[in-house]
Amino acid sequence: MKALVTRLDSFGDVLLTGPAVRAVAARADTVTLLCGPRGAPAARLLPGVDDILVWDAPWVGLDAPPVGRGEVEQLIDAIDADTALILTSFHQSPLPTALLLRLAGVAHIAADSEDYPGSLLDVRHHRAPHVHEAEAMLDLAEAAGFPSPDDGRLRVLPPPRTTGLTGPEPYLVLHPGASVPARAWGPDRSAGAVRELAAAGHRIVVTGGPHERDLTAHVAGEHGLDLGGRTGAAELAGVLAGADAVVTGNTAPAHLAAAVGTPVVSLFAPVVPAERWRPYGVPYVLLGDQHAPCADSRARECPVPGHPCLDTVTAHDVVAAVEKLVAEVGAVGRQR
């Protein structure tokens, strides 16, 4: 059986498909993951994936491309699968993808759908309310005939050793950036947390993408090691795997940290619900006002003056959360 799993949005979203992908891989002969360009680096990290198809869907993202008949026909011609699992967030429709998969000749298609699917879906599943995104996708896989073969935690392929970048353990990672501005802690507050953590005796590694070098340099200052722009996806996984804990917002590195078994101090802006998007399967501490006026707004730019959901968090709060996590994990042992 040739199986296709689709998740068309971002890096973190693709990481969360991991448990469902492994469930499909346990019963299928081959698994192809159809993803968007932002999710492709994550797709390459997932166990159970045999092949990757990358397509920039015109109904996904704020910078979606125009609809092009040629691109659509090219995708249809590239799909070769007997069964497909369409994975989406709770607010996304699977039906545009399902239509293309039907045109590609996929015989059996399963998805979560509140909209009437007509003949587009063979398994129309309704996700349970209030469940984490990773659990929701795993539930859909089971409904489609792919029960979980393991504990259902996030996982990635073994990352490379990165002591050449980080220096020796122990260390903490602080990742100050976020793809959505409303989910980011302020640069000065992040820099203050690095200073306070260093004063508490911790060695701090600051991570960020190539476009975040100015941010990471400011945050690292004289007290942290600046790795901004120096890690690809696999190297970042290695850096996070070596850390005692990771301090970051609701952004992809929180999920990547969970996938390598590292505890997370989550500076979580409630523009999306924590019950669906918190760090999954690892010890974590959630910081930030989860009842702020921006809650559940899905805003990309903070709609409330002063960014109160996160700017009420202090460097002292972060230090206390890190100490709590490190002590708890040290008492019970780290899961990898």
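1. Start with Arg 22. Setting aside residues within four places in sequence, Arg 22 is in contact with Pro 47, Pro 149, Asp 150, Asp 151, Gly 152, Arg 153, Leu 154 and Arg 155 (contact means heavy atoms within 4.5 Å). Arg 22 belongs to helix H2. Its relative accessible area is 9%, so Arg 22 is buried (buried is under 20% relative accessible area, exposed over 50%, partly exposed in between, with a 1.4 Å probe and protein chains only).

2. A word on conventions. This is a predicted model, in which local features need pLDDT of at least 70 and side-chain atom pairs count only at pLDDT 80 or more, while totals for chains, interfaces and linings use all residues. Residues are numbered from 1 along each chain as its sequence is written, and side-chain values use heavy atoms, with hydrogens and water left out.

3. Next, the sheet. It is open, with 6 strands in the order S3-S2-S1-S4-S5-S6 and parallel pairing. Strands S3 (51-54) and S6 (123-125) stand at the edges; each has a single partner strand, so one side of each lacks a neighbour in the sheet. From one strand to the next, the twist averages 15 degrees. Terms: two strands pair if DSSP finds at least two bridges between them. Helices (H or I, at least four residues) and strands (E, at least two) are DSSP runs, numbered from the N terminus. Axes are lines fitted to C-alpha atoms, for helices over the stretch in contact, and angles run from 0 to 180 degrees between N-to-C directions.

4. Strand S1 deserves a look. S1 (residues 2-7) pairs with strand S4 (residues 83-86) in the parallel sense, over 4 bridges. Leu 4 has Ala 84 as its bridge partner in S4. Strand S2 (residues 30-35) also runs parallel to S1, joined by 6 bridges. There, Thr 6 stands opposite Leu 34. S1 is mostly covered, with 5 of its 6 residues buried.

5. Now the packing. The largest nonpolar core has 58 residues (a set of buried Ala, Val, Leu, Ile, Met, Phe, Trp, Tyr and Cys residues joined through side-chain atoms within 4.5 Å). Val 5, Val 24, Leu 85, Val 173, Leu 240 and Leu 256 have the most contacts inside it. Helix H11 (residues 252-259) supplies the largest share of this core, 6 residues. A second, separate core of 33 residues includes Trp 185, Leu 287, Ala 292 and Ala 315.

6. Val 5 again. Not counting residues up to four places away in sequence, Val 5 touches Val 21, Val 24, Val 31, Thr 32, Leu 33, Leu 34, Leu 85 and Leu 87.

7. Check Thr 17. Thr 17 lies in the loop between helix H1 (11-16) and helix H2 (18-25). Thr 17 is buried, at 0% relative accessible area. Neighbours within four places aside, Thr 17 is in contact with Arg 7, Leu 46, Leu 87 and Met 137.

8. Most residues other than glycine have a negative phi, and most peptide bonds are trans. Glu 169 and Pro 170 are joined by a cis peptide bond, with omega about 5 degrees. Pro 170 sits in the loop between helix H7 (163-166) and strand S7 (172-175).

9. Arg 298, not a glycine, has a phi of about 55 degrees. Arg 298 lies in the loop between strand S12 (284-287) and helix H13 (308-311). At 47% relative accessibility, Arg 298 is partly exposed. His 307 lies in the loop between S12 and H13. Phi of His 307 is positive, near 50 degrees. His 307 is buried, with a relative accessible area of 12%.
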